[in-house]
Amino acid sequence: MSEKKDRSKLIFGAIIVVLCVFFVVGVAYGANSLLEMEGTLEPADKYVLDGYAQVPESAQDVIDLVSTAVKNAVEAKPKLDSSDSISIGDELLIGEDSASAVNTMAKFLKDNAADEFAAAFSDLSADFGAGFADKLWIPTLTAEDIDGFECNYIYYHCMQCGADAEEPYAKCSECGNENGPQMRYRDEYSITINLRQGAAALQNNFRLREPSKITDFIGDKFSDFANITAPVNFEYKNARIFVRINRHTGQLYEIKYIKDVDLTTKAEFIGDYAYAGEAKVYLPVYEEVGFWFTWPGVSLSAHELSMAHKKTEALKATLTCDDPLLYDVTWTSSDESIATVDADGYVESNKVDGKVIITASFEFQGKTYTDECEVFVKTSVESIDITKRDLTLKKGETFAQKVSYSPKESTVQTAKWYTTDETVATVDENGVITAIGVGEAEVYAVSDDGYFKATCKVEVTE
Ligand SMILES: [Zn+2]
């Protein structure tokens, strides 16, 4: 195999290895920093927004965490969107002694009215800074209202195939890996709070679908067939609040109010259907009202860049705000002797090695948002050489190889050593070759920058 072909193959392999290493190191670093952060906050800082929120353990913890997140959202005024969904369950029953007219009506309701029922409740939204305290349902909970909760932020990652699972396992269901998964932390809490049947909070927290609205809707839909003669009764079941909160910032992403309603009433049939008399009407209704929050911010296209001398790279800043085109991004460099950045995000390196932080910031509604990119300016390795390309050693002898880098002032001057046959010759991390057994082997170095390879043929004799 030619050296050139050999090298391109090697570069490819090395890139994959490097990507894997970055991935593992990044993950390990992330998990580790989370682990380190865990429990380091003082109790008073439990729910401080710029710290890591402590995992809620009691009903009161959950109430505090959620209330703080909602309160802060109301004050910070991110963009709010909401969506309603309401559906009629399949078990619609009208009457116990089902006359055919009653069945006709039941069918009509299921086929036509259910969609209208859902459409009767419209979505709403509020722009950044608009204030939405009157639109958002603000949870008013006491520990008494809560019948258990679940807070999820841990998942399990297969290090072999990358599949994620909610629960730990002995064997990966995707790839069969039996080394067990790695426990990881999500960036957010997903919390489901179950409300006690008949909890006072039900009346306060689930207010959009006012019973009178539903009663009017049903009355209107029934008007061709029947009069609603008895009050409509609502029984709320399985009421729950679902919340997503950023663990690092305490920002609220989503809050959803979910409940089942068993609706019962009495209908007195009229006109052509009068013969059916009176019947009990039972309607299972599923309601879900969700609120979503979009927080302003800026995000750069890269957070790490490596550049040679006198090169240009473009960074792109994506703004999350009402109208990104209306806002100017300000670019700054922490050290202009190393690299400069222009008004459009073009980074230009100078002739000095070093690390520089490029910051993009923009002002939105009186606040400044920033994101950063670390830029490493360096002299790249262009080739490497080693002390000896050919070696003949007797068993047990050693030889110390040295790598030289070109250009001499290359920033990164490290390499890794490999052998093609450890039964013939081994090599340590410093390039010291030890002759082990009779035969031939290749010992080679690969530079950490550029992945350049230099090979030494080693022959070992008795
Ligand atoms: Zn797997």
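Trainee: Where is P407 found?

Mentor: P407 is found in the loop between β23 (403-406) and β24 (415-419). Strands here are DSSP runs of E with at least two residues, helices are runs of H or I with at least four, and both are numbered from the N terminus. Residues are numbered from 1 along each chain as its sequence is written. This is a predicted model, in which local features need a pLDDT of at least 70 and side-chain atom pairs count only at pLDDT 80 or more, while totals for chains, interfaces and linings use all residues.

Trainee: What kind of peptide bond joins S406 and P407?

Mentor: The bond between S406 and P407 is cis, with omega at about -5°. Most peptide bonds are trans, and most residues other than glycine have a negative phi.

Trainee: How confident is the prediction, in terms of the mean pLDDT of the protein?

Mentor: The mean pLDDT is 80, and 78% of the residues reach 70 or more, on a scale that gives the predictor's confidence in each residue from 0 to 100. Over residues 1-52, however, the pLDDT is below 50, and this stretch has 30 contacts in the model beyond near neighbours in sequence. Where pLDDT is low, the predicted coordinates should not be read in detail.

Trainee: How many helices and strands does the secondary structure comprise?

Mentor: The secondary structure comes to five helices and 28 strands. Let us take helix α2 as an example.

Trainee: How does the reach of helix α2 compare with what is expected?

Mentor: Helix α2 (residues 59-76) has 18 residues and reaches 26 Å from its first C-alpha to its last, close to the expected 26 Å. The expected span is 1.5 Å times one less than the number of residues. Just after α2, K77 takes a positive phi of about 55°.

Trainee: Which residues of α2 are buried?

Mentor: The buried residues of α2 are V62, I63, L65, V66, A69, V70 and A73. A residue is called buried if 20 or more other C-beta atoms lie within 10 Å of its own, exposed if 12 or fewer do, and partly exposed in between, with C-beta atoms placed from the backbone. The elements that cover these residues include β4 (146-157), β6 (182-195), β8 (233-246), β9 (252-269) and β10 (278-294).

Trainee: Why does Y451 count as buried?

Mentor: Y451 counts as buried because it has 21 C-beta neighbours inside 10 Å. Y451 lies in the loop between β27 (439-447) and β28, and has a positive phi of about 55° although it is not a glycine.

Trainee: Why does N238 count as exposed?

Mentor: N238 has 12 C-beta neighbours inside 10 Å, and therefore counts as exposed. N238 is found in strand β8, and has a positive phi of about 50° although it is not a glycine.

Trainee: What makes E459 partly exposed?

Mentor: E459 has 15 other C-beta atoms within 10 Å, so it is partly exposed. Leaving aside neighbours within four places in sequence, E459 is in contact with T392 and E440; a contact requires C-beta atoms, placed from the backbone, to lie within 7 Å.

Trainee: In which sense do β18 and β19 run, and how many bridges join them?

Mentor: Strands β18 and β19 (residues 367-377) run antiparallel and are joined by 11 bridges; two strands pair if DSSP finds at least two bridges between them. V375 in β19 is the bridge partner of V356, and E372 in β19 is that of T359. The hairpin of these strands has two residues between them, and Q365 takes a positive phi near 50°.

Trainee: In what order do the four strands of the open sheet stand?

Mentor: The order is β12-β19-β18-β15, with mixed pairing.

Trainee: Why is one side of β12 and of β15 left without a neighbour in the sheet?

Mentor: β12 (304-307) and β15 stand at the edges, each with a single partner strand, so one side of each has no neighbour in the sheet. β15 (residues 330-333) pairs with β18 (residues 354-364) in the antiparallel sense over four bridges, and S333 stands opposite I358 in β18.

Terms used. Two residues are in contact if their C-beta atoms, placed from the backbone, lie within 7 Å.
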